[in-house]
Amino acid sequence: MAGRARWLPALPALLLLPLLPPGLPRRPSGCAARGLCCPGRDRGCLSTGRRPDGSSGPCYCDQACARTLDCCHDYTHTCPAIPCVVSQWSAWSGCAEPCKTTYRVRTRHIIQEPRNGGEACPALEERAGCVEYWTRPGTECQQSLIPALITTGGFGKARKKRAAADGSEGAGYCVEFQLVSLAPGCLHSQPWTSQLREGLTVCVECQHPALQPLRQHCHGDGSGSLQNQLLHWQAVGNPRCKGTWSRIRRLDTCSCPSGHSFLFI
């Protein structure tokens with residue numbers, strides 16, 4: 001009928017709400033948007049958005065996500081890996097104890113702790129073998145207490161060249177010893193230590209710079225020891241190769257056999 005009002009059915013309330021403009025995100029996504037960057041493994045460090053494999057959904061901003069491959073797309077930019085930074089090495093300390101083969105120490109400290117899976121800190125302490133031949137009050141150690149530090153005789157060729165170049169080459173001498181005992185570590189190290197055997201007679205040369213100019217002997221050569229007294233020796237570069245020997249005699253003219261010839265250090 002003309003002039004009758006026409007009534008429309010009520011629309012659902014949902015359709016009456018204003019629509020969001022296209023392209024506007026409904027909630028923050030990714031690590032930067034939510035301000036997340038968590039150490040270790042943290043299940044609560046959760047966001048949404050794209051993952052490295054291109055899929056979308058829940059994603060993480062904790063350090064473990066790099067291993068589980070469920071990081072948010074912007075994790076590496078928001079939480080860059082920061083490696084550990086350490087200081088320079090300190091100067092070497094003195095030997096821990098005098099009159100024996102022991103060690104010296106140098107240290108460094110952490111300037112920047114690693115973050116977000118950055119490279120871990122390296123060792124902060126380093127030790128090196130050393131021997132001090134003088135006690136703390138300044139008296140010389142007893143020879144029988146000092147292990148002889150030895151190395152292969154082939155090292156002597158380079159020594160003699162250096163000594164001749166700077167005019168410090170001295171006469172030197174040799175000492176014969178009979179090996180009484182040696183550690184198992186000698187058999188699994190440098191080729192020259194694997195040749196050592198109990199009962200073997202070895203010849204050790206004392207030459208510059210190991211030859212002490214004032215006392216005219218090498219430390220650890222057994223001078224002043226009693227007959228048949230057990231003396232200690234150690235291979236340089238292999239602290240597991242050491243043992244005992246007894247001094248036979250001193251030779252002022254060296255004629256050591258090449259196979260069993262060693263040097264005092």
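Biologist: How do you know that the side chains of Arg-249 and Glu-176 meet in a salt bridge?

Modeller: Check the gap: it is 2.9 Å, N to O. A salt bridge needs a side-chain nitrogen of Lys or Arg within 4 Å of a carboxyl oxygen of Asp or Glu, so this pair qualifies. Arg-249 sits in strand β11 and Glu-176 in strand β8, 73 residues apart. Strands here are DSSP runs of E with at least two residues, numbered from the N terminus. Before we go on: this is a predicted model, where local features need pLDDT of at least 70 and side-chain atom pairs count only at pLDDT 80 or more, while totals for chains, interfaces and linings use all residues. Residues are numbered from 1 along each chain as its sequence is written, and side-chain values use heavy atoms, with hydrogens and water left out.

Biologist: Why is Glu-176 called buried, and why is Arg-249 called partly exposed?

Modeller: Buried means under 20% relative accessible area, exposed means over 50%, and partly exposed is in between (1.4 Å probe, protein chains only). Glu-176 has 17%, so it counts as buried. Arg-249 has 45%, so it is partly exposed.

Biologist: How many salt bridges turn up in the whole structure?

Modeller: The search finds four. One of them joins the side chains of Arg-106 and Glu-126, at 2.6 Å, N to O. Arg-106 is in strand β4 (residues 101-107) and Glu-126 in strand β6 (residues 125-131), so this bridge ties together parts that are 20 residues apart in sequence. Another joins Arg-250 and Asp-252, at 3.0 Å, N to O.

Biologist: What makes Asp-252 exposed?

Modeller: Its relative accessibility is 58%, so it counts as exposed. Arg-250 comes to 40%, so that residue is partly exposed.

Biologist: And how do you know that Arg-250 lies over the face of Tyr-173?

Modeller: Its distance from the ring centre is 3.7 Å. A charge sits over a ring if NZ of Lys or CZ of Arg is within 6 Å of the ring centre and within 35 degrees of the ring normal. Arg-127 lies over the face of Tyr-103 too, at 4.1 Å from the ring centre.

Biologist: On to ring pairs. How many aromatic pairs are there?

Modeller: The count is three. Take Phe-177 and Trp-245, with ring centres 3.9 Å apart and planes at 10 degrees, so they are stacked. Phe-177 is in strand β8 (residues 173-182) and Trp-245 in strand β11 (residues 242-251), 68 residues apart. As for the rule, rings of Phe, Tyr and Trp (its six-membered ring) pair if their centres lie within 6.5 Å; planes under 30 degrees apart are stacked, over 60 edge-to-face, and the rest tilted.

Biologist: Why is the pair of Phe-177 and Phe-264 called edge-to-face?

Modeller: The centres are 6.3 Å apart and the planes are at 80 degrees, so the pair is edge-to-face. Phe-264 lies in strand β12 (residues 261-264) and Phe-177 in strand β8, so the pair ties together parts 87 residues apart in sequence.

Biologist: Which residues form the aromatic cluster?

Modeller: Phe-177, Trp-233, Trp-245 and Phe-264.

Definitions and conventions: Helices (H or I, at least four residues) and strands (E, at least two) are DSSP runs, numbered from the N terminus.
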